[in-house]
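Here is a friendly briefing to read alongside the model. Keep the viewer open and follow the topics one by one.

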Amino acid sequence: MHLKSLSRLSGWLQQNYDLSLMGLFALLPLGFLHFNLKYVSALALILVSLICLGVFWAKLRAAGSPRVPPTGKWWLALMCLSTGSALSALTWPDLSTYMLPLVGVAVFAVAMLERYFRYRLAKRRILKRRMQQARWRRAKRAVLTEWKERLRWLAGVQHDMRQPLHALGLLVRHPSIVNSADNSSGRGLSSSQVVMQLLSCHRWLQELAENTLEATRLELGEQRENDIKHISSTDLCESLVDWIKQLALSKGLDFQVHVEECQITTDLRRLKRVLGNLLFNAVEHTYEGKISFHYKRMGGVHQFEIKDTGPGIDEKIMNPEGGASSSFGSDLPKTGLGLYVVKRLCREMEWNLSLSNELHSGSKFVLELADRIPGQFVSEAPPIFKAIN
């Protein structure tokens, strides 16, 4: 209990050393008026020694604290000086009147040194706090900027969905559907053609929604088990070409398909997503010319080739830089959602995807994959992605 009280007193002295010393020296003239000069000087030296001892003890207990100035050795030296002066005054009382001014100068010097170190520590804390606040402000601006980019990304997805919705609205109000009869005049579209375009727009919407969900799953890092199935290459390509061909014909594009008959064993859902995105991008960004879709088996490798005569693909879309500096630790692109899903799925399945790109002259994607035995080990090595300009 006494030790705790002494520790508390020493802590108070360490924080209020200037008040203690100032009070001591302020009472000295009053003592000189009523008592003997020699004994008052000796008592003042003893009190100075006790104050220095309390301050030194508090600094010793708080060693290493960033808020306590490292001046313990100076207070120890001052304590030794005042203690020696007090002992000398007790032996030679006349010496106390000469030692007190000397100790007073030393006290003033140590107090100024303590004040200097405290000011420097306070300045360092203020600078550190300002730097921290600046980092917080920069982080806040980065998060807000990233959040706005994500909102723009959502707006882009909604804009992509508005196109097939608008087309659906126009087709539903087509005269051949309203009159429930084919166009007998020979002009325009028949009801069967309108229905085919309706189905194509519906599939377009469905693929956009599936791409958004797939990108969300990849962004959240959710792992999906491989669903290995067997399928004929002809059936696979026909299921993809049916709705893509309608989009190509509506834009006046020539759509060429050449498929060799072969059995494919792989994750059918992921393969359809990759090929569907590549075909849709080729049709969407090609305004004249043709789209070609070829499949052949080369040894133990299945090779799909998708070629267009569009404007080509910008390198920034294929290798976006926004994900590397994302505040959320995200690599989700601001544009090119379909290609983002393609690259991530190829990485998951270890498929090789290569691109031969000529800006303003078209591009060619080549996807190569091997048959996957159900349940076999899948390593996490990234696929080989080649960009050939």
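**A glutamate inside a helix**

Glu114 sits in helix H5 (residues 96–172), where helices are DSSP runs of H or I with at least four residues, strands are E runs of at least two, and both are numbered from the N terminus. Glu114 is buried, at a relative accessible area of 1%; buried means under 20%, exposed over 50%, and partly exposed in between, using a 1.4 Å probe and protein chains only. This is a predicted model, in which local features need pLDDT of at least 70 and side-chain atom pairs count only at pLDDT 80 or more, while totals for chains, interfaces and linings use all residues. Residues are numbered from 1 along each chain as its sequence is written, and side-chain values use heavy atoms, with hydrogens and water left out.

**Around Glu114**

- Leaving aside neighbours within four places in sequence, Glu114 is in contact with Gln14, Tyr17, Lys59, Pro69, Thr71 and Trp75, where contact means heavy atoms within 4.5 Å.

**The chain as a whole**

- The chain has eleven helices and eight strands.
- Of its 389 residues, 37% count as buried.
- Among contacts between residues at least 6 apart in sequence, 76% join residues at least 24 apart.
- The accessible surface of the chain comes to about 23,500 Å², and 61% of that belongs to carbon and sulfur atoms; the areas come from the Shrake-Rupley method with a 1.4 Å probe, and for residues only the protein chains shown count as cover.

**Nonpolar cores**

- The largest nonpolar core has 44 residues; such a core is a set of buried Ala, Val, Leu, Ile, Met, Phe, Trp, Tyr and Cys residues joined through side-chain atoms within 4.5 Å.
- Leu236, Leu271, Phe304 and Leu367 have the most contacts inside this core.
- At least two residues of this core come from each of helix H7 (191–220), helix H8 (233–250), H9, S4, strand S5 (301–308), helix H11 (337–349), strand S6 (352–358) and strand S7 (362–370).
- H9 gives the largest share of this core, nine residues.
- A second, separate core of 26 residues includes Ala42, Ile51, Val55 and Met79.
- Look next at Leu367: setting aside residues within four places in sequence, its contacts include Leu271, Val274, Leu275, Phe304, Cys346 and Trp351.

**Helix H11 and the residue after it**

- The 13 residues of H11 should span 18 Å at 1.5 Å a residue, and its end C-alpha atoms are 18 Å apart, which agrees; the expected span is 1.5 Å times one less than the number of residues.
- H11 is mostly covered, with ten of its 13 residues buried; among them are Leu337, Tyr340, Arg344 and Met349.
- Glu350 follows H11 and lies in the loop between H11 and S6.
- The phi of Glu350 is near 60 degrees, a positive value in a residue other than glycine.
- For context, most residues other than glycine have a negative phi.
- Glu350 is partly exposed, with a relative accessible area of 31%.

**Cysteines**

- The structure holds zero disulfides, a disulfide being a pair of cysteine sulfur atoms within 2.5 Å.
- Cys262 is buried, at 16% relative accessible area.
- Cys346 is buried too, with a value of 2%.

**Helix H3: Ser49 and Arg61**

- Ser49 belongs to helix H3 (residues 37–61) and is buried, with a relative accessible area of 10%.
- The side chains of Ser49 and Thr83 are joined by a polar contact of 2.5 Å; this term covers a pair of N or O atoms within 3.5 Å, where within protein one must be able to donate a hydrogen and the other to accept it, and residues adjacent in sequence count only if both atoms are side-chain atoms.
- Not counting residues up to four places away in sequence, Ser49 touches Met79, Ser82 and Thr83.
- Arg61 is also found in helix H3 and counts as exposed, at 54% relative accessibility.
- Arg61 and Ser7 are 54 residues apart in sequence, with their C-alpha atoms 8.9 Å apart in space.

**Gly289 in its loop**

- Gly289 is found in the loop between helix H9 (268–284) and strand S4 (290–298).
- Gly289 counts as partly exposed, at 40% relative accessibility.
- Beyond its neighbours within four places in sequence, Gly289 is in contact with Leu253, Asp254 and Thr309.
- The C-alpha atoms of Gly289 and Gly362 are separated by 9.9 Å, and these residues are 73 apart along the chain.
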